[in-house]
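Q: Could you walk me through this model, starting with how the chains meet?
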Amino acid sequence: MASAAKSVGSTPVSDQVTKKDIQRAMWRHIITLQWSWNYERMQALGWLWSMLPILTKVHKNPEKLKEAMRRNINFYNTNPVVGSPAIFGAAVAMEEANNGEVADSLKVGLMGPFAGIGDTIMAILVRPIVAVIAAAWAMSGSVGGAWLMFLVGVAFIATMPWQFNVGYKQGINMVHEVATGGKINQITEAATVMGLIVIGGFVPSIMAGVKTPLKFVRTLDVQGKATEKVVEVQAVLDQIVPFLLPVAILGFAYWLIRSRKLSPVWVLLILTALAFVGSALHLL
Amino acid sequence: MEGYGIGTALVLAIWAYVSIVLVLGPGLWLGEALVAGAVTGLVVGDVTVGLQIGATLTLMSLGMWTYGGATMPDFMTGAILGTAVAALKGGDGALEAGLAIAIPASILMTQLDVLGRAVTTVFIHGADRALEKGSIKGITNMHLWGQLPWGLTRAIPVFLAVWLGAGPVQALIDSMPQWFMTGMTVTGRLLPALGFALLLNQLPIKKYWPFLLIGFVMWAYLKVPVTGIAIMAAAVGSLYIALKGVRANG
């Protein structure tokens, strides 16, 4: 981190850009990239504002500066926490070396793949595992659940200066390597295996409350006497396969999304309707 | 049972504003319903119910993510409002009353999320104009104040609902029939299925389904606690990669 100004890969030529400018650009990106997120150009304005400490030093001519700023306010959108700092770091190195066009193509080429990687890591691999553990703690009344959730968010942010410096030092090479390399696939695979085991265990534990109160009264003939016996449907189900109802409900929801291609809001409404009808009929 | 004062409403509104802006950058997980619920619980004096409501909403949101900037239910605002209502009700049925507010509020708030994202477009046009004038200060202002539509679309509804709405919201809860409350309770139990389903939809379960069964068996038959399952999962994940490497190399 300390050697951010000493670039190895791309050798920036500008001597006006100081280490402090680079740090300012980095922190602007980390803290505010999405503050002006909008439908039209998404993270574009945040990108430009973060790049300004570099641009204003490199381009002393006002027209050249405007030109550079116009390039930097074009559409941009990727995962802001995992991915974007590396892209931005590499772009800072390019802009500093007055290679604006290279920075542009780098940015446009990488924002898609990096969004895929970043969103997968955060939303699919890490967040669900953390969320399920945290929710289980919180349900039992422990504030630790909320802290766990919060601190994992902080941990992600803590990697951002590192990502920036990797991007800055290695320029395009490193960024490309990360996007296509095998290491990330290994991590993804290990995390997928981990995630599925956790989900497999957490589905029945979280949804243990899904039970049927349904009962039958059967009249049995015991040694010539008619006796009434209450048959609890849930107990019968538990003997076949425990947690059959939660699994069935999950299978139904999965089918709606996977095969029927319904949006989450529709599935939400259908499950709500199921809950109301089920509880009114004393089935759930 | 009294409503909330203007002070509480203001604190929660500011909390909602700060949360959404810090979610935008640097990406703190303050928007997580669990965190929002816990902090709201602290403000209104019932952390336990805040944790429960937050946890329920967080589980609902398991597979949801703002992919490419897509809108999803606003569970943060839902958790704030739900916790405020639940703490006001208190006692038995507090959780159900809170969820009865939190879930519809989360869904309704998507409309305001879309509004906020659309209105911020004004700021990037302002930045375009500042740029042509060569005004660095103008660009800076446009960017930094771009947070306003985001923050206000959360803060204003929270403020109104907590302060002005305390009475009406209360009356609404008191008038809720038993079948509705039972229905909401069952809904709360079923909805984690949505989160899990969305999640599984994004994972390659065709290839990796046996691991799903391992986890299920550990809980359902072997009665391993959740933390134990998580530790086991880490071990199996590492082993899987290690063994795969051995096979590929040998």
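A: First a term: two residues are in contact if their C-beta atoms, placed from the backbone, lie within 7 Å. The model is a predicted one, in which local features need pLDDT of at least 70, side-chain atom pairs count only at pLDDT 80 or more, and totals for chains, interfaces and linings use all residues. Residues are numbered from 1 along each chain as its sequence is written, while chains are lettered from A and ligands numbered from 1 in the order in which they are written.

Q: How many residues does the contact take from chain B and from chain A?
A: It takes 85 residues from chain B and 95 residues from chain A. On the side of chain B that touches chain A, helix α13 (residues 226-249) gives the most, with 11 residues; helices here are DSSP runs of H or I with at least four residues, strands are runs of E with at least two, and both are numbered from the N terminus.

Q: And by class, what does that side of chain B have?
A: It has 58 nonpolar, 23 polar and 4 charged residues, where Ala, Val, Leu, Ile, Met, Phe, Trp, Tyr, Cys and Pro count as nonpolar, Asp, Glu, Lys and Arg as charged, and the others, Gly among them, as polar.

Q: Where is Val143(A)?
A: Val143(A) lies in the loop between α5 (100-139) and α6 (144-158) of chain A. Leaving aside neighbours within four places in sequence, Val143(A) is in contact with Ala38(B), Val47(B) and Leu51(B).

Q: Why does it count as partly exposed?
A: Because Val143(A) has 16 C-beta neighbours inside 10 Å; a residue is buried with 20 or more other C-beta atoms within 10 Å of its own, exposed with 12 or fewer, and partly exposed in between, with C-beta atoms placed from the backbone.

Q: Switching to chain A overall, how many helices and strands are there?
A: Chain A has 11 helices and 2 strands, and of its 284 residues 48% count as buried.

Q: Which domains is it divided into?
A: Domain 1 (19-204) and domain 2 (209-280), with bounds that come from an automatic or database domain assignment; their centres, taken over C-alpha atoms, are separated by 44 Å.

Q: What about confidence, so what pLDDT does chain A average?
A: Chain A averages 85, and 90% of the residues score at least 70, pLDDT being the predictor's confidence in each residue, from 0 to 100. Over residues 1-14 of chain A, however, pLDDT stays under 50.
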